[in-house]
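Here are my notes on this one, as numbered points. Have the viewer open while you read.

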Amino acid sequence: MKFSHFCAILLYFITFTALSSLIASQTCKNSCGKIPIKYPFGTGLGCGDPRFQQYVTCDEEKLTLTTHTGCYPVTNIEYSSQVMYISDPSMSTCACTQTGKGFGLDWDAPFSFHDDTVFTLLDCSTTSSPIYKTNGADDLDSNTTVIPQCDRAGGPICSFLYSCRAISLLDLPISTCCVYTPVDLGPSFEMDLQKLQCTSYSGFYSFNGQESNPENWKYGIALKYKFNVFNDYPSSCANCERSNGVCGYGGVYNTFVCNCPGGLNTTSDCFFQSSYNHSPRLLPQHTAGNCLIVFLGILFGPNIFSLTET
């Protein structure tokens, strides 16, 4: 009975190891390039939170956000404050100005604009852009003035930005610049430069302590994300990550799974592996050897026994 018991244990561990090697390629990673990956983000199908899977992906060690307006490199994620930072290759900065089509978030995306994000519309038409309206009796009134529907506190930002060499060479009047904060984008979070009749836009999320020096501003877009409706971090996921696992999902209902080193999934954590790794040492050496021969015989047939006898 003891021999059968030990054989059953050994066969279990051999099967466990074999399965691990077979699905190792499915292992969720805890980083994408230089960016650490934690819940709710993931590096592949079945990793992270399924709500984020279609928007944030890791391909060739590059983390990317995808919306209906394009693909944007993720530059950093601050997990403590739940903020993700992205860049837009078509965005104008102090170093380079270029035409663009704008930026928008999908209406059902689990993201919103961070309050620190500031958008500046550049080279907008003061005659046809909807962000400008006339203030007067009629269009023929000589006292008619054009009033931009922009953040009035953004005047200095436009002045500093238009002083950049790349933008100043275009010789654009300051009136064609408009600071467009995220709240102005409306519930659809849409910035359509064609509709706004603007050539390009710039976005930044920090003055970097140098308000009057646009060359050192942190250009890009800061996005907030929430774990769920109540913004609660799943306790099961915390236990999984503490055990060197990666949080993921699986099954018909996308229920929680913990992806452990080697590729195996559990419904709790990966702490069990440390005890399993030491279990075979409890087996007597001759018993383990006999069990291994029995297992190999099952796999390869009776010829394996003749090999062991030589």
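1. Cys-260 is buried, at a relative accessible area of 0% (buried is under 20% relative accessible area, exposed is over 50%, and partly exposed is in between, with a 1.4 Å probe and protein chains only). Its disulfide partner is Cys-270, with the sulfur atoms 2.1 Å apart (a disulfide here is a pair of cysteine sulfur atoms within 2.5 Å). Cys-270 is buried too, at 5%. The torsion about this S-S bond is about -95°, so the link is left-handed. Cys-260 sits in the loop between β18 (255-259) and β19 (265-266), and Cys-270 in the loop between β19 and α7 (272-278), so the pair ties together parts 10 residues apart in sequence. Helices (H or I, at least four residues) and strands (E, at least two) are DSSP runs, numbered from the N terminus.

2. Before going on, a word on provenance: this is a predicted model, where local features need pLDDT of at least 70 and side-chain atom pairs count only at pLDDT 80 or more, while totals for chains, interfaces and linings use all residues. Residues are numbered from 1 along each chain as its sequence is written, and side-chain values use heavy atoms, with hydrogens and water left out.

3. Staying in that region, look at Thr-266, which belongs to strand β19. Thr-266 counts as buried, at 15% relative accessibility. Its side chain reaches the backbone oxygen of Asp-269 at 3.0 Å. Leaving aside neighbours within four places in sequence, Thr-266 is in contact with Val-257, Cys-258, Cys-260 and Phe-272 (contact means heavy atoms within 4.5 Å).

4. How many disulfides does the structure hold? There are nine. One of them joins Cys-124 to Cys-198, at an S to S distance of 2.0 Å. With 105° about the S-S bond, the Cys-124 and Cys-198 link is right-handed. This pair links distant parts of the chain, 74 residues apart: Cys-124 is in strand β9 (residues 118-124) and Cys-198 in strand β14 (residues 198-206). Cys-124 is buried at 2%, and Cys-198 is buried at 8%.

5. Cys-150 lies in the loop between β11 (145-148) and α3 (155-162) and Cys-178 in strand β12 (residues 178-180), so parts 28 residues apart in sequence are tied together. Both Cys-150 and Cys-178 are buried. Elsewhere, Cys-71 is exposed at 53%, whereas Cys-96 is partly exposed at 37%.

6. Strands β9, β12 and β14 come back in an open sheet of four strands, ordered β12-β9-β14-β15 with antiparallel pairing (two strands pair if DSSP finds at least two bridges between them). The edges are β12 and β15 (218-219), each pairing on one side only. α3 packs on this sheet and touches β9, β12, β14 and β15, its direction making about 60° with that of β9 (axes are lines fitted to C-alpha atoms, for helices over the stretch in contact, and angles run from 0 to 180 degrees between N-to-C directions). Between β9 and β12 there are three bridges, and Thr-120 stands opposite Val-179 in β12.

7. Is strand β6 (residues 83-86) covered on one face or on both? Both: Val-83 and Tyr-85 on one side, and Met-84 and Ile-86 on the other, are all buried. β6 pairs antiparallel with strand β5 (residues 70-78) over four bridges, with Glu-78 opposite Val-83. These two strands form a hairpin with four residues between them, and Gln-82 in the turn has a positive phi of about 55°. β6 also pairs antiparallel with strand β16 (residues 221-225) over four bridges, where Leu-223 is the bridge partner of Met-84.

8. Met-84 is also among the residues with the most contacts inside the largest nonpolar core, along with Phe-41, Phe-111, Leu-121 and Ile-131; that core has 46 residues (a nonpolar core is a set of buried Ala, Val, Leu, Ile, Met, Phe, Trp, Tyr and Cys residues joined through side-chain atoms within 4.5 Å). A second, separate core of 14 residues includes Leu-122, Cys-164, Ile-167 and Cys-177.

How values were computed: Polar contact = N/O pair within 3.5 Å; in protein donor to acceptor, adjacent residues only side chain to side chain.
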